[in-house]
Amino acid sequence: MDKFLVEGVGPLTGDVRISGAKNAVLPILAATLLGSSESTIGNVPHLNDVTTTMSLLGRMGCGITVGDNMTVAVDPTLINDYTAAYELVRTMRASILVLGPLVARYGQAEVSLPGGCAIGARPVNIHIDGLRALGAEISIDGGYVRARAGRLQGARIAMDMVTVTGTENLLMAASLAKGESVLENAAREPEIVDLANYLIAMGAKIEGAGTSTIHVQGVDSLTGCHYDVVPDRIETGTFLVGAAVTRGRVKALNTVPGNLGVVLEKLREAGAEVTTGDDWIQADMHGNRPQAVSISTAPYPDFPTDMQAQFCVLNAVAEGTAKVIENVFENRFMHINELQRMGADMTVEGNSVTIRGIEKLRAAPVMATDLRASASLILAALMATGETEVRRVYHIDRGYERIEEKFHQLGAEIRRQPDK
Ligand code: UD1
């Protein structure tokens, strides 16, 4: 296990290249299982969650080749085991994404119930009910979801809640079902659109991805192809918040400005000058302290829960008082305790936190809890006096590629050390 030692060194300044999106590459790698031939996925970020997914597919018998230039080729034709074992799934909740493709293509799956970030109960009932509606027989036994099916049959599925991976599982399954499926109350995240575009490139017939009603005309087979993963909007947002927190200027390259609408609005409200081009975004604070900005998380296109922790840090050092409301997950304030240890003035009440900004935080030993919360601790450490020790950084490595190197390019001093 590693830890980071982070020095508060003043404004972050410079350019940073954004990697492929974690939340797009994971469903896309799972979707390679649907193909009748090899797919090559490009712009794959080097993340622990990607390694876990490759192990998952490799154990099933898929041929995996890691190529130059961030490509991963997956050949699903050799698959001979339809199991996702607990020891892998427990480290990554998104493993549940193999359930839909396995049932749709191979008529069988045994997938351990997920673990992953400790941010609330996070059930998978909508995934299971949806697959049942498509004709799969599913039982839950010994911590495993066991599914069997003949050819799935298209169905109209109204999801009770907006779920990102739930929508993805059902989209993948419906692509190979017989006849039409309609997914209602679908998640609208850009990562859903990216998955749909990959499926369409394989031969799927999908309309409406990115809206709350997705129509799928099932096809008999899908063919492997090459596909490049969309850039990561959460990584982009994290570095831009880094500029706001440290009163600096950061230009995120190789990104998609259109996927960060509300986040950019909130950065502007915080006082950043935000400029964009076709594939870049710059946030410039011109040396000024950020203004407090209240946020309330909700599914896309509203403010992302995956940016909530970073904006808590922004507010911790901002001028004024802000209220941050978490509506997506019931237990996503674990970073607050850690930030309080660094002197942040924060009061939690139910699913909201009131933050009164102070000029500077103080270094303290802190512990990463979930993935995005961990990144927020680095942001906090950058605006703290002294050297902050951030422990359990394996959470960060799950979702951010070479985060310390990228921050280093922007002038930060972060050292990685083994932690006993
Ligand atoms: C995905 C993202 C994660 C992000 C989250 C919300 C991936 C790999 N992960 O997670 O980074 O924080 O979306 O934007 O894409 N729910 C149910 N029943 C279900 C499924 C979900 O009640 O069957 C609830 C959850 O407990 C939660 C809410 O729905 O309260 C949203 O969760 P969901 O969108 O499913 O999150 P993930 O897809 O796991």
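Reader: Which residues of H10 and H12 meet?
Author: On the H10 side, Ala309, Gln310 and Val313. On the H12 side they meet Arg372, Ala373, Ser376, Leu379 and Ala380. By class, this contact has five nonpolar, two polar and one charged residues. Keep in mind that the model is predicted.

Reader: Where do H10 and H12 sit in the chain, and at what angle do they pack?
Author: H10 covers residues 308-316, and H12 covers residues 371-382. They pack at an angle of about 25°, with their axes 7 Å apart. Angles under 35 degrees count as roughly parallel, so H10 is roughly parallel to H12.

Reader: Is the crossing of H10 and H12 left-handed or right-handed?
Author: H10 passes H12 in a right-handed crossing.

Reader: Now H11. How does its axis lie against that of H12?
Author: H11 is residues 334-341. Its axis and that of H12 come within 10 Å and cross at roughly 20°. That makes H11 roughly parallel to H12. The crossing of H11 and H12 is right-handed.

Reader: Which residues make the contact of H11 with H12?
Author: His335, Glu338 and Leu339 come from H11. Ala373, Ser376, Leu377 and Ala380 come from H12. The residues of this contact divide into four nonpolar, two polar and one charged.

Reader: How many Å separate the C-alpha atoms of asparagine 331 and valine 219?
Author: 40 Å. Along the chain the two residues are 112 residues apart.

Reader: Switching to the sheet. What is the strand order?
Author: E10-E11-E13-E12. Four strands form an open sheet, and the pairing is mixed. The edge strands are E10 (156-158) and E12, and each pairs on one side only. Neighbouring strands are turned by 15° against each other on average, direction ignored.

Reader: How many bridges join E11 to E13, and in which sense do they run?
Author: Five bridges, and the strands run antiparallel. E11 is residues 180-184. Glutamate 180 has glutamine 217 as its bridge partner in E13.

Reader: And E12 with E13, how many bridges there?
Author: Three, again with the strands paired in the antiparallel sense. E12 spans residues 205-207. Glutamate 207 has histidine 215 as its bridge partner in E13. Isoleucine 206 stands opposite valine 216 in E13.

Reader: Which residues of E13 are on the covered face, and which on the uncovered one?
Author: E13 is residues 213-217. Ile214 and Val216 make up the covered face. Thr213, His215 and Gln217 are on the uncovered one.

Technical notes. Residues are numbered from 1 along each chain as its sequence is written. This is a predicted model: local features need pLDDT of at least 70, side-chain atom pairs count only at pLDDT 80 or more; totals for chains, interfaces and linings use all residues. Side-chain values use heavy atoms; hydrogens and water are left out. Axes are lines fitted to C-alpha atoms, for helices over the stretch in contact, and angles run from 0 to 180 degrees between N-to-C directions. Helices (H or I, at least four residues) and strands (E, at least two) are DSSP runs, numbered from the N terminus. Angles under 35 degrees count as roughly parallel, over 145 as roughly antiparallel, 65 to 115 as roughly perpendicular and the rest as oblique. A crossing is left-handed if the near helix is turned anticlockwise from the far one by less than a right angle, and right-handed if clockwise. Contact means heavy atoms within 4.5 Å. Ala, Val, Leu, Ile, Met, Phe, Trp, Tyr, Cys and Pro count as nonpolar, Asp, Glu, Lys and Arg as charged, and the others, Gly among them, as polar. Buried means under 20% relative accessible area, exposed over 50%, partly exposed in between (1.4 Å probe, protein chains only). Two strands pair if DSSP finds at least two bridges between them.
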